[in-house]
Amino acid sequence: EFPITIRSLSEAIGRPAKTLMTMMFQRGEPLTINAGLDEETAIELSMECGVDLEVRHERDIELELVEKLTGGDDDVEGETIRPTIVTILGHVDHGKTTLLDALRSANVADGEAGGITQHIAAYQVEHEGQKITFVDTPGHAAFGEMRARGANVTDIVVLVVAADDGVMPQTKEAISHAKAAGVPVIVAMNKIDLQGVDEQRVLQELSTNNVLPAEWGGDYEVIRTSATTRQGLDELLHTIVLTAELHEYKGNPNVPAHGVCLEAFRDEGRGVLAWLIVQQGTLRIGDDVLCGPAYGRIRAIYDDHGNELEEAPPSTPIKVSGLDVVPGAGDHFFAMADIDEAREAAESRRQRGRAESLAGRGLPRTLEDILNQ
Ligand code: GDP
Ligand code: MG
């Protein structure tokens with residue numbers, strides 16, 4: 001027997017028992033407060049109250065979708081080498097943005113619209129015949145938050161440490177985030193152009209923070225760089241390429257597309273624009289997409305140079321239009337079977353979001369949660 005009563009349901013969904021009893025009365029089934037409800041009726045009542053009990057935890061649904069879309073682990077047919085995805089982390093002012101710009105500028109043609117000044121959430125460069133995608137996360141906090149939500153978009157972390165400043169609090173946080181993500185770390189000892197920097201001191205500080213430099217017998221390459229004079233940038237790219245070759249990052253362009261939203265905003269002319277990184281599959285114009293609380297049919301795809309694309313294979317950073325509302329950074333996106341499926345999923349998420357803000361924190365999400373109360 002299903003051990004839910006009007007009383008326990010009322011407590012669980014934060015609606016008065018009287019309301020639920022009235023609803024049952026109107027159905028022609030008057031019940032007392034301690035009368036049992038069957039599962040179906042409990043779900044129907046809570047739905048009428050704007051609480052979608054049937055929807056299980058967000059993360060489980062997303063993992064299930066990924067599983068469904070990729071066909072599980074053993075289906076690797078069609079897998080190919082994909083570009084490596086790199087995130088740059090480090091303490092504030094150690095040169096992350098300058099380094100990202102310097103690495104990109106070699107790949108930006110003179111006179112390109114907006115050029116280097118236009119903000120982009122991710123871009124791709126080619127080095128020694130290999131494509132590398134750089135993701136500009138707004139700091140390690142965002143990196144950690146995205147990882148906590150299962151949005152592991154990074155293959156390699158480049159840890160920027162300013163040579164004049166050494167290992168600082170945010171450097172340490174970045175180290176622990178990278179280690180928790182289990183990805184290789186390459187250190188860029190930046191601002192090496194400055195007078196009187198003490199390289200040995202920086203190496204020492206790295207060592208005491210469990211980042212033992214390769215030159216001292218450890219696992220971590222420490223590349224001397226200057227984002228301003230461009231010293232060491234080729235060596236940094238070369239080290240990324242070597243690391244990528246070692247790991248052979250693979251992707252399958254033949255499954256339905258899914259990946260992560262890096263950031264999104266509303267554009268005056270083009271509506272919602274979202275920076276996405278495709279992790280698996282190929283996203284095409286016309287695909288019906290669910291992305292966090294948003295859904296829509298992909299109207300246009302732009303690459304990091306603002307060129308229009310027809311489709312985007314794995315590891316491609318793109319900007320897309322067509323979503324109906326602005327999704328959040330770290331929201332997963334999925335190409336769905338059709339627009340109805342995408343709409344239904346998005347609407348139930350929004351309804352749940354509303355129900356949660358109405359009922360306040362601690363709202364049980366599932367029937368199981370109620371039973372465990
Ligand atoms: P972020 O906070 O890590 O993104 O750091 P920024 O890229 O904004 O750089 C902070 C400051 O350091 C800026 O004034 C940069 O011009 C400067 N900077 C960055 N890289 C270098 C470098 O390699 N050498 C020198 N001398 N200055 C640098
Ligand atoms: Mg910056």
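How do the residues of the shell around ligand 1 divide into nonpolar, polar and charged? In this predicted model, three of the shell residues are nonpolar, eight are polar and four are charged. The shell around ligand 1 comprises 15 residues, of which D93, K96, T98, D193 and A227 come nearest. Among the elements that supply the shell, helix α5, spanning residues 96-105, gives the most, with three residues.

Polar contacts to the ligand were examined next. A polar side-chain atom of T98 is placed 2.5 Å from an oxygen atom of ligand 1. In the side chain of K96, an N or O atom lies 2.8 Å from an oxygen atom of the ligand. T98 and K96 both belong to the group of residues that come nearest to ligand 1. For H94 the contact is made through the backbone, a polar atom of which is 3.4 Å from a ligand oxygen atom. With regard to accessible area, ligand 1 taken alone exposes 580 Å², and the protein buries 72% of that area.

Helix α1 covers residues 6-13 and helix α2 covers residues 17-26. The axes of α1 and α2 are 8 Å apart, and the two helices pack at an angle of about 125°. Because angles of 65 to 115 degrees count as roughly perpendicular and those over 145 as roughly antiparallel, α1 is oblique to α2. In passing α2, helix α1 forms a right-handed crossing.

Helix α2 also packs with helix α3, which runs over residues 39-48. For this pair the angle is about 110°, with the axes 11 Å apart. Since the range of 65 to 115 degrees defines a roughly perpendicular arrangement, α2 and α3 are therefore roughly perpendicular to each other. The crossing of α2 and α3 is right-handed, as is the passage of α1 across α2.

Methods
Residues are numbered from 1 along each chain as its sequence is written. Chains are lettered from A and ligands numbered from 1 in the order in which they are written. This is a predicted model: local features need pLDDT of at least 70, side-chain atom pairs count only at pLDDT 80 or more; totals for chains, interfaces and linings use all residues. Side-chain values use heavy atoms; hydrogens and water are left out. A residue is near a molecule or strand if one of its heavy atoms lies within 4 Å of it. A polar contact is a pair of N or O atoms within 3.5 Å; within protein, one must be able to donate a hydrogen and the other to accept it, and residues adjacent in sequence count only if both atoms are side-chain atoms. Accessible areas come from the Shrake-Rupley method with a 1.4 Å probe; for residues, only the protein chains shown count as cover. Helices (H or I, at least four residues) and strands (E, at least two) are DSSP runs, numbered from the N terminus. Ala, Val, Leu, Ile, Met, Phe, Trp, Tyr, Cys and Pro count as nonpolar, Asp, Glu, Lys and Arg as charged, and the others, Gly among them, as polar. Axes are lines fitted to C-alpha atoms, for helices over the stretch in contact, and angles run from 0 to 180 degrees between N-to-C directions. Angles under 35 degrees count as roughly parallel, over 145 as roughly antiparallel, 65 to 115 as roughly perpendicular and the rest as oblique. A crossing is left-handed if the near helix is turned anticlockwise from the far one by less than a right angle, and right-handed if clockwise.
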